[in-house]
Amino acid sequence: MRPPAEVSVFLLSLLAPGVLYIMNNIPAFQEPLPILGMGMVVLGSVLLLLLLIVRHKTKVDPLFYVFAEFSFTCMVGLANALEQDGFISGFMSFYIKKGEPHLSTAYAVMMSYWEGVVHFILFLTIIRRMFAGKSYRNLSLLWAGSSIAHQIVFIPGVVIGKYGSNIRPAFWRNVPFFLVPFWAASLLFSRPTEMPVITADKVAAEQKKSLLSRPVDLLLSLLLLGCMALSVFRGFVVLDCPLDFCFTYIYQYEPYLKDPVGFPRVMMLVYLFYALPLLILLTYGLKTPGCSWMLDWTLFFAGAMVQTQWCHIGASLHSRTPFTYRVPADKRWPVIALNVLLAAVPALLALRCHNNPAYFMKPVPKGQTNSQKKKN
């Protein structure tokens with residue numbers, strides 16, 4: 001009897017620490033080019049094993065191979081996080097020295113924890129649902145948002161930060177991990193949105209309500225406006241805005257924004273140029289009935305914001321961040337609260353949209369509600 005696909009993927013992923021341990025103890029594998037070559041061989045071998053795992057299946061979603069392959073790399077990330085924080089040793093030291101030295105930064109450690117725990121659980125859950133014939137599109141959208149946000153901060157951050165002058169060949173293994181989430185997201189968005197069955201009367205009744213008569217949506221709209229303001233403000237701060245309150249904020253509240261590793265600077269610019277337009281669109285969607293795209297984009301955006309804020313908050317407090325760039329002790333709780341709110345608002349919006357989606361469904365044509373049909 002074959003084990004379930006998610007169990008096979010889980011067991012396969014557990015091989016990652018063993019591969020790292022072997023490479024860490026064989027000098028021939030500890031030079032820049034052999035590290036890159038061995039990494040590609042291992043990932044190719046994992047793909048072949050995955051093909052064997054599902055060879056008896058008549059039809060396999062191509063996203064399975066993405067989720068399963070990324071599950072393997074999640075264990076590599078978790079091993080890195082645990083070793084950098086001193087919980088284990090003997091797995092990643094060779095890779096940090098000759099592969100990707102930027103993985104020892106506080107931001108990369110927090111990113112590795114997110115991959116090794118949150119993404120790994122997501123992958124196994126998605127794969128289980130995939131082969132059980134259950135819906136997995138919404139969970140996949142959460143991952144897509146999280147993964148794309150991770151990549152568009154991480155890769156530019158390495159290039160423009162202090163590690164940009166020390167890029168080794170192994171860094172280029174990130175290219176497929178940068179491109180694949182975009183391809184996966186385009187595939188997911190091209191599939192039909194999962195719409196619940198709601199009566200036409202209920203849809204019509206919900207869509208007649210103004211924003212003022214929907215207190216939860218009104219509060220969420222105000223919170224989204226606050227997120228916009230914060231995104232603009234911190235974008236200006238990292239662009240060296242000369243105003244006094246910008247100078248005060250970066251030195252007295254979030255000095256991590258000027259950490260030379262580059263990740264916080266890139267993240268604030270991503271918020272300014274990418275998150276801000278999305279926040280505007282989501283605020284519009286809360287005000288305008290029938291914006292069915294809200295169901296997908298709120299999930300995608302929630303995944304992105306929670307991931308980036310986890311890395312940002314954790315790195316600004318982590319011991320691997322130099323003391324001068326950490327959040328000052330007397331300002332810690334206000335800064336943490338502000339950053340947690342920035343992660344929580346998109347998550348709450350996604351929850352609201354999926355718990356009561358009637359307002360966002362396509363408007364019902366006149367004369368098509370159930371009550372009007374009965375009168376006719």
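The legends below describe close-up views of a predicted model.

The structure is a predicted model in which local features need pLDDT of at least 70, side-chain atom pairs count only at pLDDT 80 or more, and totals for chains, interfaces and linings use all residues. Residues are numbered from 1 along each chain as its sequence is written, and side-chain values use heavy atoms, with hydrogens and water left out.

**View 1. F70 and W143 form an edge-to-face aromatic pair.**
Rings of Phe, Tyr and Trp (its six-membered ring) pair if their centres lie within 6.5 Å; planes under 30 degrees apart count as stacked, over 60 as edge-to-face and the rest as tilted. By this rule the model has 24 aromatic pairs. In the pair of F70 and W143, the distance is 5.8 Å centre to centre, with 80 degrees between the planes. F70 belongs to helix α4 (residues 63-84) and W143 to helix α7 (residues 137-160), so the pair ties together parts that are 73 residues apart in sequence. Helices (H or I, at least four residues) are DSSP runs, numbered from the N terminus. Both F70 and W143 are buried, where buried means under 20% relative accessible area, exposed over 50%, and partly exposed in between (1.4 Å probe, protein chains only). F70 and W143 also belong to one aromatic cluster, together with F67, F123 and F177.

**View 2. W297 and F300 form an aromatic pair in helix α13.**
This pair is edge-to-face, at 5.3 Å centre to centre and with 70 degrees between the planes of W297 and F300. The two residues are 3 residues apart in helix α13 (residues 294-317), so they are separated by about one helical turn. W297 is partly exposed, having a relative accessible area of 30%, whereas F300 counts as buried at 11% relative accessibility.

**View 3. Charged side chains sit over the rings of Y359 and Y253.**
A charge sits over a ring if NZ of Lys or CZ of Arg is within 6 Å of the ring centre and within 35 degrees of the ring normal. R214 lies over the face of Y359, 3.8 Å from the ring centre. K331 has its charged end over the ring of Y253, at 5.3 Å from the centre of that ring.

**View 4. Q151 is a buried residue of helix α7.**
The relative accessible area of Q151 is 3%. Contact means heavy atoms within 4.5 Å. When neighbours within four places in sequence are left aside, Q151 is in contact with P156, N174, F177 and F178. Of these, F177 is one of the members of the aromatic cluster that contains F70 and W143.

**View 5. A79 is a buried residue of helix α4.**
The relative accessibility of A79 is 6%. Its contacts, leaving aside neighbours within four places in sequence, are with L20, I88 and M92. The C-alpha atoms of A79 and L122 are separated by 18 Å, and these residues are 43 residues apart along the chain.

**View 6. Helices α1 and α2 meet in a roughly parallel arrangement.**
The axes of helix α1 (residues 5-13) and helix α2 (residues 15-24) come within 5 Å and cross at roughly 15 degrees, which makes α1 roughly parallel to α2. Axes are lines fitted to C-alpha atoms, for helices over the stretch in contact, and angles run from 0 to 180 degrees between N-to-C directions. Angles under 35 degrees count as roughly parallel, over 145 as roughly antiparallel, 65 to 115 as roughly perpendicular and the rest as oblique. L11, L12 and S13 of α1 meet L15, A16 and P17 of α2. The residues of this contact comprise 5 nonpolar, 1 polar and no charged. Here Ala, Val, Leu, Ile, Met, Phe, Trp, Tyr, Cys and Pro count as nonpolar, Asp, Glu, Lys and Arg as charged, and the others, Gly among them, as polar.

F233, R234 and V237 in α10 meet F245, C246, Y249 and I250 in α11. This contact divides into 6 nonpolar residues, no polar and 1 charged. D240 is placed in the loop between α10 (215-238) and α11 (244-252). Its phi is near 65 degrees, a positive value in a residue other than glycine, and D240 counts as exposed at 64% relative accessibility.
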